Amino acid sequence: MSHSAFTSADGVWQQLSLAPGALVGDPAPMADASIVVEAGTIAWVGAGAQLPERYRDMPRFDGGGALVTPGLIDCHTHLVYGGQRANEFAMRLAGASYEAIAAAGGGIVSSVRATRDADEDSLFEQASARLAQLLQEGVCAIEIKSGYGLSLAHERKQLRVARRLGEAFGVTVRTTFLGAHALPPEFAGRSADYIELVCREMMPALAAEGLIDAVDVFCERIAFSLTETACVFEAARSLGLPVKLHAEQLSDMGGAALAARFGALSCDHIEHLSAEGIAAMRESGTVAVLLPGAYYTLRDSHLPPIAALRAAGVPMAVSTDHNPGTSPALSLLLMVNMACTLFRLTVPEALAGVTRNAALALGIGDTHGAIGVGRPANFVLWNLRDAAELAYWFGQRPLRLAVRQGRIAVGSLA
């Protein structure tokens, strides 16, 4: 699959129903709207009756009154890996904890073994099948983390696959280096030595190759400490790379406050986020990324502090956290439903969580997450009449057509 397989979306998209919040700076819905796409970019948006004369001779695309939203954004995934971990799902059902599975040689390290054993083409093939599932639900931008290689050669392999996926599918891919995801077996008992390798060898080499858009750390009692996290963040800062953090998933480590001091794009999971962490995130503009798939799979009962985040005005994003161990989810719309039902987000909050706020979490808020003049043409037509239906239905794929990077990438107008 390549860009050449897609159809240009240049022209006037008319008879559309823009969802609330779809337009930059305009939360109101708009019926009988038109969107003009020129050279893959949105050139004009407004009521169909007000279409400027200069666009009237362009090709027309009849939206038939379809609901239109910005392209969806999956802002936290671990999409590239080898193998699967269904056995761990069964172990958890039998009573094993996340920590117990990791201590027994399972967890992240088991995916590391499978990823190291797979060549680049095999990883690309496996990840392509997963990505195709997400794109069928209107995803137009996605973050893909490394972190299942845990050596320079294998982290490079993961990140190269992520770049290939973006090129092959014509989708915006933001790569995140997660070398500090777990301690590889060959560094058992030597976490300081491994962090030195991450900071002094792996990160600079991969950044020089143009493979890193951001840097992440798993800061948790079964992973890396605050001190080790700060070392990684300092190295990222020296290379001019933004940071993100797996924070406060299993306990309150104080990671969110640390990440905020480094101006982190996002703190993700955050079930155990403290008031101090919320205040720090508010001051730094850091996005709270909610991952209901992992919460559900782990049968967690400690809810993220949604009301406190809402009161503080911290933007909340929603993502699949697709990974083989704790969130094998390939439906962002299901995560929208879960964010509403499990976390009690409102429908507008949940939809902002997979558009506008998800874009902020990836540092692409100027180009993605909303429909506006000058932005790349990334929008979705749905066989729906009410935006609430995107959160209401689950197990259904209501996508009619997706325009991605200025091309008709999924679906048909027929």
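Strand 11 (residues 266-269) and strand 12 (residues 287-290) run parallel and are joined by three bridges. Strands, like helices, are numbered from the N terminus as DSSP runs (E, at least two residues, for strands; H or I, at least four residues, for helices). Two strands count as paired if DSSP finds at least two bridges between them. S266 has V287 in strand 12 as its bridge partner.

The model is predicted, so local features need pLDDT of at least 70 and side-chain atom pairs count only at pLDDT 80 or more, while totals for chains, interfaces and linings use all residues. Residues are numbered from 1 along each chain as its sequence is written, and side-chain values use heavy atoms, with hydrogens and water left out.

Axes here are lines fitted to C-alpha atoms, for helices over the stretch in contact, and angles between N-to-C directions run from 0 to 180 degrees.

Another open sheet has four strands in the order 6-7-8-9, and its pairing is parallel. Its edge strands, strand 6 (72-74) and strand 9 (214-217), each pair on one side only. From one strand to the next, the twist averages 20°.

Within this sheet, strand 7 (residues 139-145) and strand 8 pair in the parallel sense over five bridges. The bridge partner of I142 in strand 8 is V173. Strand 8 (residues 172-180) is also joined to strand 9 by three bridges, again in parallel, and F177 stands opposite V215 in strand 9. Eight of the nine residues of strand 8 are buried, so this strand is largely enclosed by the rest of the structure. Buried means under 20% relative accessible area, exposed means over 50%, and partly exposed lies in between (1.4 Å probe, protein chains only). Helix 6 (residues 191-208) lies across strand 8 and strand 9, running at about 150° to strand 8.

**An antiparallel hairpin**

Strand 3 (residues 30-38) and strand 4 (residues 41-47) run antiparallel and are joined by six bridges. They form a hairpin with two residues between them, and A39 in the turn has a positive phi of about 50°. A33 stands opposite A47 in strand 4.

**Cores and buried residues**

A nonpolar core is a set of buried Ala, Val, Leu, Ile, Met, Phe, Trp, Tyr and Cys residues joined through side-chain atoms within 4.5 Å. The largest one has 101 residues, and L165, F177, M203, V215, V232 and W382 have the most contacts inside it. Apart from it lies another core of 22 residues, among them W13, L23, V45 and V403.

L165 is in contact (heavy atoms within 4.5 Å) with residues including L79, V80, F124, I144 and V171, leaving aside its neighbours within four places in sequence.

In helix 3 (residues 108-117), the residues I108, S110, S111, V112 and T115 are buried. Their cover includes helix 1 (86-93), helix 2 (98-103), helix 4 (120-135) and helix 5 (152-169). By contrast, R261, in helix 8 (residues 255-261), is exposed, with a relative accessible area of 60%.

**Pocket and cavities**

On a 1 Å grid over the protein atoms alone, a cavity is a set of points where a 1.4 Å probe fits but cannot get out; a pocket is an open set with protein on both sides within 12 Å along at least five of seven lines, and lining residues have an atom within 4 Å of a point. Grid points are joined across faces, edges and corners, and a volume is the space filled by probe spheres set on the points.

| Space | Volume | Lining | Nearest the centre |
|---|---|---|---|
| Largest pocket | about 320 Å³ | 22 residues | P20, G21, P348, L351 and A352 |
| Largest cavity | about 110 Å³ | 13 residues | Y98, I108, H181, N323 and T326 |

Strand 5 (60-70) and helix 13 (347-353) each supply at least two residues of the lining of the largest pocket. Helix 13 gives the most, with four residues. The count of cavities of 30 Å³ or more comes to four.
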